[in-house]
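Please look over the sequence and the model first, then read the points below.

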Amino acid sequence: MGSEGPAAVICIRVAVGLVFLSEGIQKFLYPHALGPGRFEKIGIPAATFFANLDGVVEIACGTLVIIGLLTRLAAIPLLIDISGAIVLTKLPQLRPGGFDGKEGFWGMAHDARTDFAMLLGLIFLLWAGPGRWSLDAVLGQRARLTGGRGRQGQDVR
């Protein structure tokens with residue numbers, strides 16, 4: 001299933017993309033709680049640089065996922081992002097003493113619910129593609145209709 005997949009894929013794209021877009025924006029709106037301050041608390045070196053980079057990736061790739069443009073490509077950095085979030089902030093909760101005041105499986109499972117949903121949503125989009133209601137589908141259909149030819153009939157392949 002590529003960009004010709006079910007139109008319902010838009011539900012997954014919008015849900016996943018909006019979460020990342022929102023989180024990326026909030027890294028800049030609330031730098032102490034969600035941006036560099038949080039990255040420093042986690043122990044990430046060069047916290048300001050990496051928090052800002054993470055925010056830009058989440059905003060850019062989240063937007064691409066929402067509109068369905070370069071969807072599979074945009075899912076890759078977001079998969080790296082969410083995997084890092086799980087490893088750095090959720091798995092430490094399983095250790096004695098936990099992380100951020102929480103420890104144990106159930107505390108981790110509660111805190112990681114959105115992360116796991118985003119992880120599986122991204123894997124779905126990487127696997128299934130953006131669906132037929134996407135810019136990827138529109139551009140693919142346009143290319144098929146023109147037979148790979150430009151406006152003046154030149155072969156652009």
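Where does leucine 70 lie? Leucine 70 lies in the loop between α4 and α5. The model is a predicted one, in which local features need pLDDT of at least 70, side-chain atom pairs count only at pLDDT 80 or more, and totals for chains, interfaces and linings use all residues. Residues are numbered from 1 along each chain as its sequence is written, and side-chain values use heavy atoms, with hydrogens and water left out. Helix names follow DSSP runs numbered from the N terminus (H or I, at least four residues, for helices; E, at least two, for strands).

**Loop residues with positive phi**

- In general, most residues other than glycine have a negative phi.
- Leucine 70 has a positive phi, near 55 degrees, and is a residue other than glycine.
- Leucine 70 has a relative accessible area of 46% and is therefore partly exposed (buried means under 20% relative accessible area, exposed over 50%, and partly exposed in between, with a 1.4 Å probe and protein chains only).
- Alanine 46 is not a glycine either, yet its phi is positive, about 50 degrees.
- Alanine 46 sits in the loop between α3 (36-42) and α4.
- Alanine 46 counts as partly exposed because its relative accessibility is 47%.

**Nonpolar core**

- Nonpolar side chains tend to be buried together in soluble globular proteins.
- The largest nonpolar core has 15 residues (a nonpolar core is a set of buried Ala, Val, Leu, Ile, Met, Phe, Trp, Tyr and Cys residues joined through side-chain atoms within 4.5 Å).
- Within this core, the residues with the most contacts are Val16, Phe20, Leu78, Ile82 and Leu122.
- At least two residues of this core come from each of α1 (9-29), α4 (47-67), α5 and α7 (113-128).
- The helix that gives the most to this core is α5, with 6 residues.
- Leaving aside neighbours within four places in sequence, isoleucine 82 is in contact with Phe20, Asp115, Met118, Leu119 and Leu122 (contact means heavy atoms within 4.5 Å).

- Side chains of opposite charge can pair when their charged atoms come close.
- The whole structure holds 3 salt bridges (a salt bridge is a side-chain nitrogen of Lys or Arg within 4 Å of a carboxyl oxygen of Asp or Glu).
- Aspartate 54 and lysine 27 meet in a salt bridge through their side chains, at 3.5 Å from N to O.
- This pair links distant parts of the chain, with aspartate 54 in helix α4 and lysine 27 in helix α1, 27 residues apart.
- Both aspartate 54 and lysine 27 are buried.
- Glutamate 58 also forms a salt bridge with lysine 27, and the closest N and O atoms are 2.9 Å apart.
- Here too the pair links distant parts of the chain, with glutamate 58 in helix α4 and lysine 27 in helix α1, 31 residues apart.
- Glutamate 58 is buried, as is lysine 27.
- A network of salt bridges links Lys27, Asp54 and Glu58.

**Lysine 90 and its partners**

- Lysine 90 lies in helix α5, which covers residues 71-90.
- A salt bridge joins lysine 90 to aspartate 115, with the closest N and O atoms 3.4 Å apart.
- Lysine 90 is in helix α5 and aspartate 115 in helix α7, so this pair ties together parts that are 25 residues apart in sequence.
- Lysine 90 counts as buried because its relative accessibility is 9%.
- Aspartate 115 also has 9% relative accessibility and therefore counts as buried.
- The side chain of lysine 90 makes a polar contact with the side chain of threonine 89, at 2.9 Å (a polar contact is a pair of N or O atoms within 3.5 Å; within protein, one must be able to donate a hydrogen and the other to accept it, and residues adjacent in sequence count only if both atoms are side-chain atoms).
- Apart from neighbours within four places in sequence, lysine 90 is in contact with Ala85, Met108, Asp111, Ala112 and Asp115.

**Phenylalanine 105**

- Phenylalanine 105 is placed in helix α6 (residues 105-111).
- Phenylalanine 105 is partly exposed because its relative accessible area is 46%.
- The C-alpha atoms of phenylalanine 105 and leucine 18 are separated by 27 Å, and the two residues are 87 residues apart along the chain.
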